[in-house]
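Please look through the sequence and the structure below before reading on.

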Amino acid sequence: MASEMATLTVPGLLEQVPHIRQWLRDMLAEWAVSVEVIADLALAVTEICKNITLHGYRDITPGIIDVRLAKYGDIIRVTILDTAPTFIPPQASLPLPQALAEGGYGLALVRSLVDEFVHDGFGSRGNRVTLLKKDFRVIQL
Amino acid sequence: MVLTFYDDRGVTVIALNGGLDETRGVELGQLFDRLMAEGRRQFVLDLKAVDSTDSAGLAMLVRCFKRVRSGVGNLALIALQPSIRRIFEMTRLDRSFDIYTDVTEAVQRLVGSQR
């Protein structure tokens, strides 16, 4: 059972991403999550939401982005839902350093920032990305 | 983001401030274009006041780096905050860029590399 829960639903537009990021920062700070974990999750969620707006909704009328936060002891779970056609994430291997790639860092970065990254596609009904991050600073009494 | 720059022994030191995202990266690219059009080729990017970045910001930084190198120039980074250095390590871009702790060291290396 989650000790804390919060949900934010916004239009799937690029200009909403800073709003999502700030909301997530504010909620996690309110829940006394460590600043390091807040920074990692804020960046990971930013990358996911940007992908949704720039790629998922690129050729269609943008739907929504639904962000659900939950805290289970020292575990933070972020669930991000969209209504874009199913996106199949690449294995997200990083570009080689010598390649000096001008892109391709986003999902690889997300995988590095969180402890668990799960993508579920629901065909034409959208996608669900689940991120899990352990906050080692939390001491269970 | 505020972009300021000055010259140190023929090396242009550019200081960034705030978050480095795509929009800021575009501004930085435009500044590089202008400075290179003036004939400048040696650059140090001071990141000590940069507190956040994302994949788009990193991509823009790589683009600037390639632009400088294609003009037979050099670009070094200095003073990465721990959170920014960690992102460079995660993306392995710490292996692509020359990263120094301070401006003196970076300028010395760049001046030395021209001899």
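## Asp54(B) and its polar contacts

In this predicted model, the side chain of Asp54(B) reaches the backbone nitrogen of Ala56(B) at 3.2 Å, and a polar atom of that side chain also lies 2.8 Å from the backbone nitrogen of Gly57(B). Asp54(B) is found in the loop between β3 and α2 (55-70) of chain B. Its relative accessible area is 5%, and because buried means under 20%, Asp54(B) is counted as buried.

Residues of both chains surround this position: leaving aside residues up to four places away in sequence, Asp54(B) touches Leu43(A), Glu47(A) and Lys50(A) in chain A, together with Leu20(B), Asp21(B) and Glu22(B) in chain B.

## Thr91(B), in another loop of chain B

Thr91(B) lies in the loop between α3 (82-90) and β5 (98-100) of chain B. Is this residue, Thr91(B), buried or exposed? With a relative accessible area of 1%, Thr91(B) is buried, because that value is under 20%.

The side chain of Thr91(B) reaches two backbone oxygens, that of Ile87(B) at 2.8 Å and that of Phe88(B) at 3.3 Å. When residues up to four places away in sequence are not counted, Thr91(B) touches Leu94(A), Tyr105(A) and Leu109(A) from chain A, and Leu58(B) from chain B.

## Where chain A meets chain B

How many residues of chain A are in contact with chain B? There are 19 of them, and they are in contact with 19 residues of chain B. The two chains bury about 1,700 Å² between them, and 58% of this area is on carbon and sulfur atoms. On the side of chain A, the residues that lose the most area to chain B are Leu100(A), Glu102(A) and Tyr105(A), which together account for 39% of what that side buries.

Ala101(A) is found in the loop between β3 (75-82) and α3 (106-113) of chain A. Not counting residues up to four places away in sequence, Ala101(A) touches Pro95(A) in chain A and Val62(B) in chain B. Ala101(A) and Thr46(A) are 55 residues apart in sequence, and their C-alpha atoms are 20 Å apart in space.

## Aromatic rings in chain B

Over all chains, the count comes to three aromatic pairs. In one of them, the rings of Phe32(B) and Phe43(B) have their centres 4.9 Å apart and their planes at 75 degrees, so the pair is edge-to-face. This pair links distant parts of the chain, with Phe32(B) in helix α1 (residues 22-37) and Phe43(B) in strand β3 (residues 42-53) of chain B, 11 residues apart. Phe32(B) and Phe43(B) are both buried.

The rings of Phe88(B) and Phe97(B) have their centres 5.9 Å apart and their planes at 70 degrees, so this pair is edge-to-face as well.

## Backbone angles with a positive phi

Ala79(B), which lies in the loop between β4 (74-78) and α3 of chain B, has a phi near 60 degrees, a positive value in a residue other than glycine. Arg92(B) is not a glycine either, yet its phi is positive, at about 65 degrees. Arg92(B) is found in the loop between α3 and β5 of chain B, and at 22% relative accessibility it counts as partly exposed.

## Cysteines and a helix residue of chain A

A disulfide is a covalent bond between the sulfur atoms of two cysteines. A search of the whole structure finds zero disulfides over all chains. Among the cysteines, Cys49(A) counts as buried at 0% relative accessibility, and Cys64(B) counts as buried at 1%.

Gln22(A) lies in helix α1 (residues 17-30) of chain A, and at 41% relative accessibility Gln22(A) counts as partly exposed. Gln22(A) and Thr79(A) are 57 residues apart in sequence and, C-alpha to C-alpha, 16 Å apart in space.

## Confidence in the prediction

Where pLDDT is low, the predicted coordinates should not be read in detail. The mean pLDDT of chain B is 91, and 97% of its residues reach 70 or more. For the complex, the predictor gives an ipTM of 0.79 and a pTM of 0.85.

Note on methods
Residues numbered from 1 in each chain as written. Chains lettered and ligands numbered in written order. Predicted model: local features only at pLDDT ≥ 70, side-chain atom pairs only at ≥ 80, totals over all residues. Heavy atoms only, no water. Helix = DSSP H or I, 4+ residues; strand = E, 2+ residues; numbered from the N terminus. Buried < 20%, exposed > 50% of the residue type's maximum accessible area, 1.4 Å probe, protein only. Polar contact = N/O pair within 3.5 Å; in protein donor to acceptor, adjacent residues only side chain to side chain. Contact = heavy atoms within 4.5 Å. Disulfide = S-S within 2.5 Å. Phe/Tyr/Trp six-rings, centres within 6.5 Å; stacked < 30°, edge-to-face > 60°. pLDDT = per-residue confidence, 0-100. Buried area = accessible area lost by both parts, 1.4 Å probe.
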